[in-house]
Structures are given as C-alpha cells and as structure tokens.
Amino acid sequence: MTPKIMIILGSGSDIAVAEKAMDILDKLEVPYSLKIASAHRTPNLIREIVTQGSDAGIEVFIGIAGLAAHLPGAIAAYTPRPVIGVPVNVKTGGIDALQSIVQMPYPSPIATVGIDRGDNAAILAAQFIALHDEELRERLIDLRWDYAKKVYRSNEDIVQKIDRPFIQNDFLRIKNLEINGVKIDESASEVSCKNSDAEVSIIVGRQTDLPIAKNVGIILDRLKISYDIKVVCPIRSTKKFTNYVKCMKKAKIFIGISSNSSQVTGGIVGLTEKPVIGVPCANERGEDYMLTTVSMPPGVPVATVGINNGKNAAVLAGEILAIHDPNITELLGKLKDKKITL
Ligand code: C2R
C-alpha cells in the first residue's frame, strides 16, 4: 500500500521533530513513509525519492530541516504536490531554518509551520488529505478536541488548586462549550458572505492589505478556482468575523491575510478544521508579521507563506486542491512554465 504522506529529514539528527509528526499520524491512522536526504549533501537522492514518491501516489510531502534549510524547496522542485516545511532549531533558535523555508519565491510555496512543530505539520498534511476523506476529517475533529480538553483540564488541575486568599473564580457559570460550536447569528445586520459556494475563502484584516488579496485572486482565476473575498477584522468586528467564517462552511481552504499581530489567521483556525493558509503582510512601518503568523501552538497550524506573497498562497491552495483534480495540476504546470520563460 502506498502511503499518502512522505516525511523527509535533512539529517538523522532531526529525528526528534519527526517523532512529533509520526505520533500525530499514528493517532490519526494515516500511513506515511520516512526518509533521510539532504538537498546539499545528497541532491540526487532527493530527486529520486521525490519523483518516485510522487509517481507512486504520495499526496503531501513534509520536509524537516535545520540551519540553511533548503530541503523543502528542493522537494518542491520535483513534485506538483504540496510541500510542508518544518524548520528545526539547531542554531539561532531555528530562525535561520524558518527564513530559508518560508521565503520561497513565486510560484513555489512551502506551507511553513512553526519551529520544531512536527506535530502541526502532520495535522496540516492530514487536513489536506481529509478534504477527500470524511473519516479522517472526523478523526481530526476528535484530535482537536483532545487539545481543547487539555485546556479545560488545566483549569481544574492547575487553577482550581491554587490556594490564595484573594483569588475568586467561582462567579462564572460556563457550561457545555463545544469546539466549533459557534452558531451563525442569523439576526446579524450584514449579509455574511457573497459566494458561500466558493472553494476558497480569503479573509483580509484591513483595507490596506486588500492589494495582497487581489494578487491571490489573480492566480486563483488562472487556476479556475472559485473564491470569496471579505475584509473583516476579528478584533474590531468579532461577530461579523465569526459569522463570515461560519457562512463559508463549504469552503475547502481559508486564506488569512494579515498584518499587525496576525489576529486574522489565529481567529480563523479557532473556527474551522479546514486548512488555513496565512499570508503575513508588512505594515506601513515595514514591520512584518511572519513570526506571529507561523508560530502557532500545537494543534492549530497555519500554513504560512512568504511576506506579502499572496500569489504563493494561491499556488499552495491550487496544489492542495490539485491532489484530486488533474485539471488544476495541469494549469499549475503551465503557470510554472510561464514563469520560467518570462
Ligand atoms: P547534521 O546533524 O547531519 O550535521 O545536520 C539538517 O536538517 C540538520 O538539522 C545538521 C542540520 O543540517 C540540516 N540540513 C539541511 C539540509 N541538509 C541537512 N538543512 C538541506 O538540504 O537543506
């Protein structure tokens, strides 16, 4: 049986991060393959593993590497399938590896997760596959529950046990909360979404970042993928934001475009089990929000692309949808060839 996921490590010394990914895939009962190969030390081995793996039916690749982590980019060179990159903390806290993985040029995105976050890479890979596997989707929702239950349990195990004279916690009555259980507020004054049948939902935190969303749209148009765009801020307009995400429940992928602390992507992952792609934007002062987009806690990955790189977010969405749609694979091929001849 061909596994659907291939994990490739830059070195045997990255195995601890791979263990985190394998723990999750074992829990989710998703078969995977594990290989070690380096873009720098064994480029031919990468080419062979990846081309043969793609031909055999691998649907998602996960590249795990530290230092100048060119491995995920090298994987992307040999496959039309989505590549998830996990930077490993070997030196500089892993920032070197993170920058090498996330800042890929158009049209070769790497879906980057946080430093050492093998667990989130596995969840993201499973989210891609679950778009066509209802049973896996159910198992992912259960896994999400495990992370949520940990929070509830900490309230009991840690907070309840604190014995201090002025701590007062028993004035709230919180009961029966459900993850993903937020209901659409039908009485909301504004129509929540224009095109609720769209395959991709693009959410922009503020008007200033709209040009980046337009770039996403240009590429999605070329790939013939339908989308809906909404400018809504989860902090200033919480109710509208929640309504919008819920209204787009048929969307297969969400793309959050955000500067200023990345509340948009963080807000979306809290409301859906679908894959979320994050485009960190630079603000007027030139500060970027890559770290606040990518550094998500375990359980809630955001597939981060390069700063202001809306086009790569669209290509990544295309690659995810192309797993089961050869037409999109063909259009993506044309897009990449065209870029090269430019
Ligand atoms: P060694 O422990 O083998 O010296 O490797 C590996 O992923 C590892 O984290 C040290 C670090 O070098 C990384 N490495 C890469 C690549 N190959 C090895 N980043 C690559 O091709 O990108």
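**Terms and their grounds**

Guide: Isoleucine 202 is buried, with 30 other C-beta atoms within 10 Å. This is a predicted model, in which local features need pLDDT of at least 70 and side-chain atom pairs count only at pLDDT 80 or more, while totals for chains, interfaces and linings use all residues. Residues are numbered from 1 along each chain as its sequence is written.

Visitor: What makes isoleucine 202 count as buried?

Guide: A residue is buried if 20 or more other C-beta atoms lie within 10 Å of its own, exposed if 12 or fewer, and partly exposed in between, with C-beta atoms placed from the backbone. Isoleucine 202 has 30 such atoms, and is therefore buried. Its place is in strand S6 (residues 200-204); strands (E, at least two residues) and helices (H or I, at least four) are DSSP runs, numbered from the N terminus.

Visitor: Which residues are in contact with isoleucine 202, leaving aside its neighbours within four places in sequence?

Guide: They are Ala213, Val216, Tyr227, Asp228, Ile229, Ile255 and Ile257. Two residues are in contact if their C-beta atoms, placed from the backbone, lie within 7 Å.

Visitor: Why is threonine 92 called exposed?

Guide: Threonine 92 has 12 other C-beta atoms within 10 Å, so it is exposed. This residue lies in the loop between strand S4 (83-88) and H4, and has a positive phi of about 45° although it is not a glycine.

Visitor: Is aspartate 116 buried or exposed?

Guide: Aspartate 116 has 20 other C-beta atoms within 10 Å and is therefore buried. Its phi is also positive, near 70°, in a residue other than glycine, and its place is in the loop between S5 and H5.

Visitor: What is the peptide bond between tyrosine 106 and proline 107?

Guide: That bond is cis, with omega about 0°. Proline 107 is found in the loop between H4 and S5.

Visitor: How is the span of helix H6 judged?

Guide: The expected span of a helix is 1.5 Å times one less than its number of residues. Helix H6 (residues 134-159) has 26 residues and reaches 37 Å from its first C-alpha to its last, close to the 38 Å expected. H6 bends by about 30° at arginine 153, the bend being the angle between axes fitted to the seven residues ending there and the seven starting there.

Visitor: Why is H6 said to lie largely in the open?

Guide: The number of its 26 residues that are buried is 1, so H6 lies largely in the open.
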